[in-house]
Amino acid sequence: MNTPIRTKAPHGATAPAQLNETPSKQAVEIEHLRKTYGTLVAVDDVSFSVAEGEIFGILGPNGAGKTTTVECAIGLRAPDSGTIRLMGLDPQADRDKVHEIVGVQLQESSFPAKLRVGEILDMYQSFYREPADVTELIDVLGLESKRKDYYRSLSGGQRQRLSVVLALIGQPKIAVLDEMTTGLDPQARRDTWDLIERVRDRGVTIVLVTHFMEEAERLCDRVALIDSGHVVALGTPAGLAARASGGKQVRFLPSDPFDDGLLTALPEVTAIHHDGHHVVVTGTGELANAVIIALDTVGVTALDVQLDSSTLEDAFVRLTGKHLHEEGEQP
Amino acid sequence: MSLSVLAQPRVPRAAFGKIVRNEARLTWRQPSGLIVGVGISLALLIIFGEIPVFQKSSASLGGLSAFDVYIPILIAFVIGVMALTYLPGPLVSYREQGILRRLSTTPVPPSWVLAAQMVVQASLMAISVALLIVVSVVFFGASAPKNPAGMVLAIALTIAAMFAIGLSVAAAARTAGAARGLMAAAFYPLMFFSGLYYPTQLMPTALKDIAHFTPLGAAVEAIQDTMLQGFVPVAPLLVLAAYAAVFGYLAMRFFRWE
């Protein structure tokens, strides 16, 4: 294990967003991670990296290997092969340092039933040399009134929020959140998203495993789709969605006739065809903008514009042939 | 689970104190072991103290009274109950519920919880033992321990041996239910050989010989000799030390944090 040789991403994995990125420091680097349990291959070959300050999503159907990937990344499990670096540190060899800079929210973790919320917070806060301001955290997540309550009296959603607070309590440089909003009601989910964005704005790198497409689209700068232990796609949520559907479509009614060559010359456009008086343009990127601006240069206005862009969910189904399940299941 | 982990420089020292405090709170909030260990032993002490025949010295007991003989047995009982219920129970359920797993993602090693448990339990044992001795001396006219230092040594080794056995139970049991079963299976024979049900002095030779080599049998022997006779017996102390070493090794070797 620990082969430090950098090779190309494994088959099926592409990283378009990274190619365009200005090289910034990588907070998380995973290369050719492999982990088996007996004969079961949980993670076959997973590689990706997460830039500092990025919100990175790991998506995949149940049993895809998401949680195992995360558990290896935070040092809970030793990989069979491959390299993992968190801020340049090996989670196995530099365990102590890694645990100081990484905050974790695990799917199946619990706290003693008869401890009060305040006592748990106080204890976890003491584990770190520069802990976060607990009052602020629990206030944002609506736990302020629960400080005196026993852990066992908390609802599922409150436990989940406490677990997010505890992941952030050490002011981590990297926060790894496994299904952080599962079991939360829509309002609590949005509050949690706001908090995560605020935390990121302070420069914290966030890695989240999620089932929720809306969450990934709203929060993630980039996502990795994992299926059967492989990264099947890697990119921005919008980019993946566009790629999987063969691109975006803009359908419009031109105010005046124009030469098709005007639009096919645009880098964003891949195809154009006519549907009666309407024109349908297929392409990528900021397609609608590009088309409208180009038409404007020849004095043509696009009327009745309809955009058809696919979602990450479409991309997911297309790439894996599976649906993401909403909640209540274990991967 | 050596305590040298406490010397790790990267975690604030205050953390260990906080863990100890929370473990103490949990013990206090789930007092079944306290009630059984301290409550029953104290109740038995008082009952025995009130029975006149227990106060008569008997030749078959080497000139001691039944009451005298029972004080060390009750001390062993308190230590046995607490080590076998309080120590493995919470640890196994912490493991089952992912509490240790969650801890192992923080700078604090999960072994600190184990160490904290031992600090809390050993303190409670010390208080209970002191209470038993004080009550027996003050209210029932028992003589003060003849060799206090030797007695403290005997009690400390008893605690170490029983902790090691309790931790081995925690290492062997996958679930809290299995831990309870194992503890019960270990507890009754151990208590039998301590003489709780029938003083070892009156047992047939074969059983007496076995008792010498059981942890609580050796514990009672060592505590009786130091407390009532005033000399420090080497053999039972060695037996206790051997249990502490062997089971301590097994616990360390096989304890799983997940």
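How many residues of chain B are in contact with chain A, and how many of chain A with chain B? I began my notes with this count, keeping in mind that what I have open is a predicted model. I find 23 residues of chain B in contact with 22 residues of chain A.

**Entry 1: the side of chain B that touches chain A.** I looked up which helices contribute here, and noted that helix 1 (14–29) and helix 5 (99–103) of chain B each supply at least two residues. Helix 1 of chain B gives the most to this side, with eight residues. Sorting the side of chain B that touches chain A by class, I wrote down nine nonpolar, eight polar and six charged residues.

**Entry 2: confidence.** For the complex, the predictor gives an ipTM of 0.83 and a pTM of 0.77. I then turned to chain B by itself, where the mean pLDDT is 87 and 96% of the residues reach 70 or more. Where pLDDT is low, the predicted coordinates should not be read in detail.

**Entry 3: two helices of chain B.** I followed helix 7 (residues 148–172) and helix 10 (residues 215–229) of chain B, whose axes come within 8 Å and cross at roughly 170°. Angles over 145 degrees count as roughly antiparallel, and helix 7 and helix 10 of chain B are therefore roughly antiparallel to each other. Going through the residues that meet, I listed from helix 7 of chain B, among others, Gly150(B), Ala154(B), Thr158(B) and Ile165(B), and from helix 10 of chain B, among others, Pro215(B), Ala219(B), Ile223(B) and Met227(B). By class, the contact between helix 7 and helix 10 of chain B has 11 nonpolar, three polar and no charged residues.

**Entry 4: a sheet in chain A.** In chain A I traced an open sheet of four strands, which has the order 11-12-10-13 with antiparallel pairing. Which strands stand at its edges? They are strand 11 (269–275) and strand 13 (302–308) of chain A, each with a single partner strand, so one side of each is left without a neighbour in the sheet. From one strand to the next, the twist averages 20°.

Terms used. Residues numbered from 1 in each chain as written. Chains lettered and ligands numbered in written order. Predicted model: local features only at pLDDT ≥ 70, side-chain atom pairs only at ≥ 80, totals over all residues. Axes fitted to C-alpha atoms, helices over the stretch in contact; angles between N-to-C directions. Parallel < 35°, antiparallel > 145°, perpendicular 65-115°, else oblique. Contact = placed C-beta atoms within 7 Å. Nonpolar A, V, L, I, M, F, W, Y, C, P; charged D, E, K, R; others polar. pLDDT = per-residue confidence, 0-100. Pairing = 2+ DSSP bridges.
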